[in-house]
Amino acid sequence: MPSKYDVLVIGGLGHIGLPLGLVFADQGLQVALYDINLEFREIVRGGKMPFHEDGADELLAKYNAKNLHVVDDISAIQDAETLFITIGTPLDGYLNPRIEPLLKLVDAMKPYLRDEHLIILRSTVIPGTTDLLSDIVGKSVKADVSFCPERVVQGKMIQEMETLPQIISGCTASAVKRARALFDLLGVQQIETRPKEAEFAKLYCNAWRYITFAAANQFYMLAEQEGLDFGRIQHAMTHEYTRMRDFPSPGFAAGPCLMKDTMQLAAFARRSFEMGQAAMFVNEGLAAFAVDKLAEKCGGSLVGKRVGILGMSFKSGSDDIRDSLSYKLRKLLRGHGADLRCTDEYVMVDPELVPLEEVTQWAEGIIVGTPHPAYRDLKIQENTAVVDVWGITNKG
Ligand SMILES: NC(=O)c1ccc[n+]([C@@H]2O[C@H](COP(=O)([O-])OP(=O)(O)OC[C@H]3O[C@@H](n4cnc5c(N)ncnc54)[C@H](O)[C@@H]3O)[C@@H](O)[C@H]2O)c1
């Protein structure tokens with residue numbers, strides 16, 4: 001008998017799981033979403049996206065309760081053919097990957113697993129996790145286990161899922177064949193690897209980006225320490241010089257993935273991933289550098305100074321504040337005794353935020369936390385000190 005659901009996404013209301021479910025629903029599959037977040041279950045059932053993702057509102061309105069179903073119980077596994085796992089894979093307080101949530105999930109799944117199931121791990125994991133998952137599952141059933149990592153960028157997930165090449169791996173030939181058949185629906189190129197190669201490929205992509213951002217940030221700090229305007233140097237380096245085409249602009253390298261995945265690789269390498277670790281020091285250190293620079297511009301001390309942070313999400317145009325360095329900035333500035341007001345027109349979850357004009361008209365000093373487009377033509381008082389590592393405002 002065919003399954004009630006073609007696909008069940010576990011972690012299905014998260015930033016990866018929900019767009020994935022929407023994209024497969026759009027391909028005509030019956031998709032179930034299971035998530036432990038009760039609030040998000042109600043929001044999505046009510047036809048609303050719990051976070052912004054381009055194109056998602058339209059797809060949700062079209063498919064909600066038709067071929068996209070939020071389910072309340074993990075026993076829905078019994079009614080599904082393919083099980084995607086997209087739960088978070090966070091670090092602990094000592095920057096070690098936390099594997100327990102995944103292991104606990106697999107324990108909870110076990111009573112409902114059948115030999116016929118295809119399990120596709122899509123969370124980003126340390127190398128060896130897919131084989132471990134296959135071994136654990138294999139003690140009870142002969143289900144196929146695959147790892148097909150997600151490489152899309154938040155905000156553009158729906159569009160990118162249907163255009164970016166998909167890395168496919170599996171612990172058995174039939175896992176690979178079945179995962180291929182599923183992603184064939186999206187019409188994207190497929191790149192087949194072994195599970196551990198796929199796990200490395202995904203982590204290398206994020207670590208590479210994190211390291212390149214660190215290089216730009218280190219260059220920025222060196223130049224600025226010398227009293228130079230890095231924007232001018234960057235222009236000189238890159239203008240019509242194709243070898244420097246990929247040089248990124250300096251800026252706060254933050255968010256839920258880049259540092260986390262670089263540290264997953266460091267943990268896997270038993271703490272000897274020097275380049276990744278150095279990148280973390282540089283990228284995280286940029287927040288303290290910006291605060292020191294503002295203090296210097298404000299006469300040496302921030303005690304009692306009226307300071308504003310523009311942009312609290314972790315990247316431009318996003319409402320996501322997870323692991324945003326703007327919050328580290330806020331903590332550091334409070335530690336320096338500054339009086340603070342913060343703003344972000346995209347972020348709805350922080351009751352402390354105030355409108356942009358309230359910050360720009362009030363502040364003596366400003367740090368640009370996120371390069372939102374609205375800050376490009378920023379109108380601020382002439383004597384306001386500005387630190388803008390992104391170079392978006394042309395004011396500091
Ligand atoms: N966000 C990105 O841009 C991105 C890109 C590529 C890969 N990834 C990876 O994808 C994974 C998920 O990331 P995310 O950004 O979607 O995280 P997220 O926190 O937005 O989503 C994870 C979801 O899993 C749910 N969840 C946790 N434990 C669960 C359980 N036991 N059963 C059911 N649901 C559970 C949470 O409630 C949450 O809704 C991570 O491994 C991440 O590194 C993320």
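Analyst: Let us begin with exposure: a residue is called buried under 20% relative accessible area, exposed over 50%, and partly exposed in between, with a 1.4 Å probe and protein chains only. The model here is predicted, so local features need pLDDT of at least 70 and side-chain atom pairs count only at pLDDT 80 or more, while totals for chains, interfaces and linings use all residues. Residues are numbered from 1 along each chain as its sequence is written, and side-chain values use heavy atoms, with hydrogens and water left out.

User: Is Ala65 buried or exposed, and where does Ala65 lie?

Analyst: Ala65 counts as exposed because its relative accessible area is 59%. Ala65 sits in the loop between α3 (56-63) and β3 (68-71), where helices (H or I, at least four residues) and strands (E, at least two) are DSSP runs numbered from the N terminus.

User: What should I look for in the backbone angles of such loops?

Analyst: Most residues other than glycine have a negative phi, and most peptide bonds are trans. Ala65, although not a glycine, has a positive phi of about 65 degrees. Glu240 also has a positive phi, near 50 degrees; Glu240 belongs to the loop between α9 (230-238) and α10 and is exposed, because its relative accessibility is 74%.

User: How do I read a nonpolar core, and which residues have the most contacts inside the largest one?

Analyst: In soluble globular proteins, nonpolar side chains tend to be buried together. A nonpolar core is a set of buried Ala, Val, Leu, Ile, Met, Phe, Trp, Tyr and Cys residues joined through side-chain atoms within 4.5 Å. The largest core in this model has 50 residues, and those with the most contacts inside it are Phe252, Leu294, Leu302, Leu329, Leu333 and Ile367. Elements giving two or more residues to this core include α8 (195-225), α10 (258-268), α12 (325-335) and β9 (306-310), but the largest share, ten residues, comes from α11. A second, separate core has 38 residues, among them Val31, Leu118, Met161 and Val176.

User: What does Ile367 touch?

Analyst: Contact means heavy atoms within 4.5 Å. Not counting residues up to four places away in sequence, Ile367 touches Ala290, Val291, Leu294, Gly308, Ile309, Leu310, Leu329, Leu333 and Val387.

User: Where is Val389 found, and what is it in contact with?

Analyst: Val389 is found in the segment after β12 and counts as buried because its relative accessible area is 3%. Leaving aside neighbours within four places in sequence, Val389 is in contact with Tyr220, Pro250, Gly251, Phe252, Leu286 and Ala290.
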